[in-house]
Amino acid sequence: MPAGREMDALVAERVMGCKPEPWLDFHGYKSYRCTCLLSYPHNSQTGPMADLDLKSYSNDIAAAWDVVEKLTTEKQFWFGLRFHNDDEFQLSSHIWEATFQDFGRGFGETAPLAVCRAALKTVMK
């Protein structure tokens with residue numbers, strides 16, 4: 001699954017324990033918002049407009065780090081993040097690898113994408 005709002009909603013639901021709800025953003029694009037009752041902890045903003053948009057877990061490293069903290073704190077999993085250059089795997093591009101314990105490995109063009117893929121594999125086993 002590529003990075004984007006669909007992956008963000010899946011990570012929010014399966015990893016973060018949120019119940020994302022689809023909605024149309026200000027530009028008319030499909031997006032997701034958090035419907036949790038605890039001060040909207042999975043949204044990208046805080047304050048009175050906090051229910052606007054779900055965090056971009058698959059594109060934003062700060063949001064992806066929330067995923068890392070959730071699994072390493074609550075599940076006591078160790079986490080590893082590694083950057084592979086193209087010489088190592090003879091790839092046409094660079095690639096990131098994220099690992100949670102021995103349960104999930106994810107690869108991606110960006111670190112947040114690799115984290116999300118690894119987290120989903122970890123919780124969906």
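The face of helix α2 (residues 61–74) that is turned away from its buried side carries the exposed residues T73 and E74, where exposed denotes over 50% relative accessible area, buried under 20% and partly exposed the range in between, computed with a 1.4 Å probe on protein chains only. The model is predicted, and for that reason local features were required to have a pLDDT of at least 70 and side-chain atom pairs a pLDDT of 80 or more, whereas totals for chains, interfaces and linings use all residues. Residues are numbered from 1 along each chain as its sequence is written, and side-chain values rest on heavy atoms, with hydrogens and water left out.

On the buried side of α2 lie A63, A64, V67, V68 and L71. These residues cover an arc of only 155 degrees around the axis, which puts them on the same side of α2, the arc being that of the directions from the helix axis to the C-beta atoms. Among the elements covering them are α1 (5–14), β3, β4 and α4; helices (H or I, at least four residues) and strands (E, at least two) are DSSP runs numbered from the N terminus, and contact is defined as heavy atoms within 4.5 Å. At 1.5 Å a residue, the 14 residues of α2 should span 20 Å, in agreement with end C-alpha atoms that are 20 Å apart, the expected span being 1.5 Å times one less than the number of residues. Helix α2 is followed by Q76, which is found in the loop between α2 and β3. Although Q76 is not a glycine, its phi is positive, at about 60 degrees, and the residue is exposed, with a relative accessible area of 62%.

The strands β3, β4 and β5 form, in that order, an open sheet of three strands with antiparallel pairing, two strands being taken as paired if DSSP finds at least two bridges between them. The edge strands are β3 (79–84) and β5 (104–108), each of which pairs on one side only. Neighbouring strands of the sheet are turned by 15 degrees against each other on average, direction ignored; axes are lines fitted to C-alpha atoms, for helices over the stretch in contact, and angles run from 0 to 180 degrees between N-to-C directions. Strand β4 (residues 95–100) is joined to β5 by five bridges, and E97 has F107 of β5 as its bridge partner.

Helix α4 (residues 111–123) packs on this sheet, touching β3, β4 and β5, and its direction makes about 150 degrees with that of β5. Ten of the 13 residues of α4 are buried, so that the helix is mostly covered, and these buried residues pack against α1, α2, β3, β4 and β5. At the start of α4, a side-chain oxygen of T110 reaches to within 3.3 Å of the backbone nitrogen of L113.

In helix α1, which contains R5, a polar contact of 2.6 Å joins the side chains of R5 and D8; a polar contact is a pair of N or O atoms within 3.5 Å, of which, within protein, one must be able to donate a hydrogen and the other to accept it, residues adjacent in sequence counting only if both atoms are side-chain atoms. With residues up to four places away in sequence not counted, R5 touches K30, S31, Y32, D53, L54, K55 and S56.

Overall, the protein has four helices and five strands, and buried residues make up 39% of its 125 residues.
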